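Have a look at the structure, then read on.

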Amino acid sequence: MSLRVCPSSLFHLRPLHLFTSSAKFPFYPSLRREFRFAPSRSSSSSSSSFRLMDSSAASSPTPVTASETDSLGEETQSQTDEGDKIERKLEEFNWDHSFVKELPGDPRSDVISRKVLHACYSKVSPSVQVDDPRLVSWSESVAELLDLHPKEFERLDFPLLLSGAKPLPGAMPYAQCYGGHQFGRWAGQLGDGRAITLGEVLNSKGERWELQLKGAGRTPYSRFSDGLAVLRSSIREFLCSEAMHCLGIPTTRALCLLTTGQGVIRDMFYDGNAKEEPGAIVCRVSQSFIRFGSYQIHASRGKEDLEIVGKLADYAIRHHFPRIEKSMNRSDGLSFKTGDDDDDSVLDLTSNKYAAWVVEVAERTATLFARWQGVGFTHGVLNTDNMSILGQTIDYGPFGFLDAFDPSYTPNTTDLPGRRYCFANQPDIGLWNIAQFAEALAAAQLINEKVANYAMERYGDKFMDEYEAIMTKKLGLSKYNKEMISELLNNMAVDKVDYTNFFRLLSNVKADPNTSDDELLNPLKAALLDIGKERKEEWIKWVRGYIHEVSGGDTPSDEERKARMDSVNPKYILRNYLCQSAIDAAEQGDFSEVNNLLRLMKRPYEEQPGMEKYAGLPPAWAYRPGVCMLSCSS
């Protein structure tokens, strides 16, 4: 099958192309595919049906939906109504295990590294060795999702149960089989090499939440590794999972972080200098941990494994996208022109659930990547095995938030030669990964080439629409201004301006055209450091244009604009140096900073008086290896 958009050399979706720091950044993507709606029935029916395809109506309870760009800073509504609260003990979890019951499994249960054929999972029990394991921290909001009583975290056997050292009653542990493209190359079978799923818990609202222990021991997919995790990487994953949720970005969650009391040998920089580090385990939580690579591995094997692609797709739609299946063959169908100048064929998304599904996955993914770009988050390892079908951030390895604005920034030392996964490239990589996912479904004849290409078109349009809306709100504008935003980002790159702090300070600029040049930059002086006369003139010119844009007419007052901007521009982000400070203390047995950061990141858009030091610029030591950039070692 030939997909219209595949080679990375053809991608033009990124909002920032990589140039030298002195070059102008053409902000707006040059590729914007056009397609025309061709309603199969009345326009009113089509409008209703189109909403079925919007990720804002996602069937599974994702933290933030695609249409909520007006309130990126709001935490999701409490999962349990006050007065109707159910709190359970661990032994009272309502387990379901649909993944194990409905999909083909590995007939073997050993953990010998091997190729696992014709199976979506292998049953395997946690094998981590512990010595006085300790609970470091836990998330109240995740406990509420599971209806878990807070007193359960005080149990003496809690660390044993949630490390896997003691079997959790009702659990049915397994490791998932999947493959993936790593740095653009097919890597074959990968799978859960150090993550073991305990099963799925149904809460009091009927929502499905999968519990997974990362660092719980070997599985058939561990290859040459030990299946364990170290404290430094586990702290990063635990904190960032919760920080991203509170920023309003779809993500897997983290229930708790534990130390094992055992040492783990790791070569942090892959330079031959391995050393012992403290071992740890994170209990991750998500509606599902199914990845793009979960389909790719079976599609790559052909023959009977192609049937598994279909079974796994049916499973995902049934449990995580049920609205799609319910919408099939409705009387108010929805059709689209494909956008081909030489082809007048119509694409009907309500006659093929797989077509509707791949489009929704593409749109959710586009929304996620737009959110990342908005807050300056760089994932670092966007391999297809690290891509969630739910459009969630998954697998926190060498991630990083932008400090000084640099479109070429990558937090992953392994990515340095080509910077494939750098900040500016992320939107393009999202499209490339969608192409690989669509190709796996096409190999199983679930969708055709036209559907695959349309899904990529929708990714492009959805990403640009979401990103444009986010940046408009970040600047407090009434409408998108391509030239103004492009000039701003160019200036920020030239002067290495802190991304987060600048946008937070921008809300302090008053819409007063009479402000003198000498006072114009005062609200931004904490971000505009060490700029010379020539650069100062460029910034004055830009701020003058900005004031003109936000003043006059029906524009909101300065106070109202500031409130709106502060609700989408965080004051606090999980900078790498903050993580490292918590890690350094934790490795000495002091976990207070881990919990301080967890509390701080719950309200990233609020001022939080007394916590201002956490919004400061990185100190000089933050640029040492292992802080600003990391390897995949954990």
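Q: What makes the pair formed by the side chains of His245 and Arg253 a polar contact?
A: The side chains of His245 and Arg253 lie 3.5 Å apart. A polar contact is a pair of N or O atoms within 3.5 Å; within protein, one must be able to donate a hydrogen and the other to accept it, and residues adjacent in sequence count only if both atoms are side-chain atoms. The pair is therefore counted as a polar contact.

Q: How do you know whether His245 is buried or exposed?
A: The relative accessible area of His245 is 3%. Buried means under 20% relative accessible area, exposed over 50%, and partly exposed in between (1.4 Å probe, protein chains only), so His245 is buried. This residue lies in helix H5, residues 231–247; helices (H or I, at least four residues) and strands (E, at least two) are DSSP runs, numbered from the N terminus.

Q: What kind of model is this, and how are its residues numbered?
A: This is a predicted model, where local features need pLDDT of at least 70 and side-chain atom pairs count only at pLDDT 80 or more, while totals for chains, interfaces and linings use all residues. Residues are numbered from 1 along each chain as its sequence is written, and side-chain values use heavy atoms, with hydrogens and water left out.

Q: How confident is the predictor across the chain?
A: The chain averages a pLDDT of 87, and 83% of the residues score at least 70; pLDDT is the predictor's confidence in each residue, from 0 to 100. Over residues 16–82, though, pLDDT stays under 50, and the model has 189 contacts beyond four places in sequence for them. Here contact means heavy atoms within 4.5 Å.

Q: Why is Gln392 called buried?
A: Its relative accessibility is 3%, so Gln392 counts as buried. Gln392 sits in the loop between strand S13 (377–378) and strand S14 (400–401), and its side chain makes a polar contact of 2.8 Å with the side chain of Ser286.

Q: Which residues line the second largest cavity?
A: Gln392 is one of them, and the lining also includes Trp372, His379 and Ile394. A cavity is, on a 1 Å grid over the protein atoms alone, a set of points where a 1.4 Å probe fits but cannot get out, and lining residues have an atom within 4 Å of a point. The volume of this cavity is about 50 Å³, a volume being the space filled by probe spheres set on the points, with grid points joined across faces, edges and corners.

Q: What is the relative accessibility of Arg419, and what does Arg419 count as?
A: The value is 29%, so Arg419 counts as partly exposed. Arg419 is in the loop between S14 and helix H10 (426–443), and its phi is near 50 degrees, a positive value in a residue other than glycine.

Q: Is Asp530 buried or exposed?
A: With a relative accessible area of 82%, Asp530 is exposed. Asp530 lies in the loop between helix H14 (517–520) and helix H15 (533–550).

Q: Which residues is Leu416 in contact with, leaving aside its neighbours within four places in sequence?
A: They are Thr410 and Met629. At 33% relative accessibility, Leu416 counts as partly exposed.

Note on methods. On a 1 Å grid over the protein atoms alone, a cavity is a set of points where a 1.4 Å probe fits but cannot get out, and a pocket is an open set with protein on both sides within 12 Å along at least five of seven lines; lining residues have an atom within 4 Å of a point.
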